[in-house]
Amino acid sequence: MKGGLPVVLGVVWTPIIWMVLAAFFGPAMERVIGVWQVNVAILVVATLLAMVALIRLFKMVVLKIFGKTG
């Protein structure tokens, strides 16, 4: 596996994950919290956590498939 591939994965998928989280959780959070700045801050943290989890999952799957030499 190339060293920079997980970074590319993170950069490319971050806007997609952001839009999905905003679409699913944004309206409910807006009703509960009511302040859009707090909603955006929570979504940023959730997006970053989701991207870290996806990159770790990607690395784990690639190592299982291709081994350490991949």
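Select Met29 to start: this residue sits in helix H1. The model on screen is a predicted one. Is Met29 buried or exposed? Its relative accessibility is 16%, so Met29 counts as buried, the cut-off for that class being under 20%.

Keep Met29 selected and show what surrounds it. Setting aside residues up to four places away in sequence, Met29 touches Gly34, Asn39, Ile42 and Leu43. Met29 and Val40 stand eleven residues apart in sequence, and the distance in space is 9.8 Å.

**Across to Asn39**

Next, click on Asn39, one of the residues that Met29 touches. You have moved into helix H2. How accessible is Asn39? Its relative accessible area is 5%, so Asn39 is buried.

Which residues does Asn39 contact, once neighbours within four places in sequence are left aside? Select Gly26, Met29, Glu30 and Ile33 to see them.

Zoom out. Colour residues 5-32 as H1 and residues 36-66 as H2. Two packed helices are described by the angle between their axes and the distance between the axes. Here the angle is about 140°, and the axes of H1 and H2 are 8 Å apart. That angle makes H1 oblique to H2, because only values over 145 degrees count as roughly antiparallel. The crossing of H1 past H2 is right-handed.

**Along H2**

H2 contains 31 residues. From its first C-alpha to its last, H2 reaches 44 Å, close to the 45 Å expected at 1.5 Å a residue.

Which residues of H2 are buried? Select Asn39, Leu43, Thr47, Met51, Ile55 and Val62. Now bring H1 back. H1 is included in what covers the buried residues of H2.

Then go to Gly67, which follows H2. Check its backbone: phi is positive at Gly67, near 80°.

**Leu54**

Step back into H2 and pick Leu54. Its relative accessible area is 33%, so Leu54 is partly exposed. Leaving aside neighbours within four places in sequence, Leu54 is in contact with Leu9 and Ile17. Leu54 and Trp13 are 41 residues apart in sequence, and their C-alpha atoms are 9.4 Å apart in space.

**Two long spans**

Stay in H2 and select Lys59. Lys59 has a relative accessible area of 39%, which makes this residue partly exposed. Run a C-alpha to C-alpha line from Lys59 to Gln37. The pair is separated by 22 residues in sequence and by 33 Å in space.

Finish at Leu5, in helix H1. Is Leu5 buried or partly exposed? Its relative accessibility is 38%, so Leu5 counts as partly exposed.

Terms used. Residues are numbered from 1 along each chain as its sequence is written. This is a predicted model: local features need pLDDT of at least 70, side-chain atom pairs count only at pLDDT 80 or more; totals for chains, interfaces and linings use all residues. Side-chain values use heavy atoms; hydrogens and water are left out. Axes are lines fitted to C-alpha atoms, for helices over the stretch in contact, and angles run from 0 to 180 degrees between N-to-C directions. Helices (H or I, at least four residues) and strands (E, at least two) are DSSP runs, numbered from the N terminus. Angles under 35 degrees count as roughly parallel, over 145 as roughly antiparallel, 65 to 115 as roughly perpendicular and the rest as oblique. A crossing is left-handed if the near helix is turned anticlockwise from the far one by less than a right angle, and right-handed if clockwise. The expected span of a helix is 1.5 Å times one less than its number of residues. Buried means under 20% relative accessible area, exposed over 50%, partly exposed in between (1.4 Å probe, protein chains only). Contact means heavy atoms within 4.5 Å.
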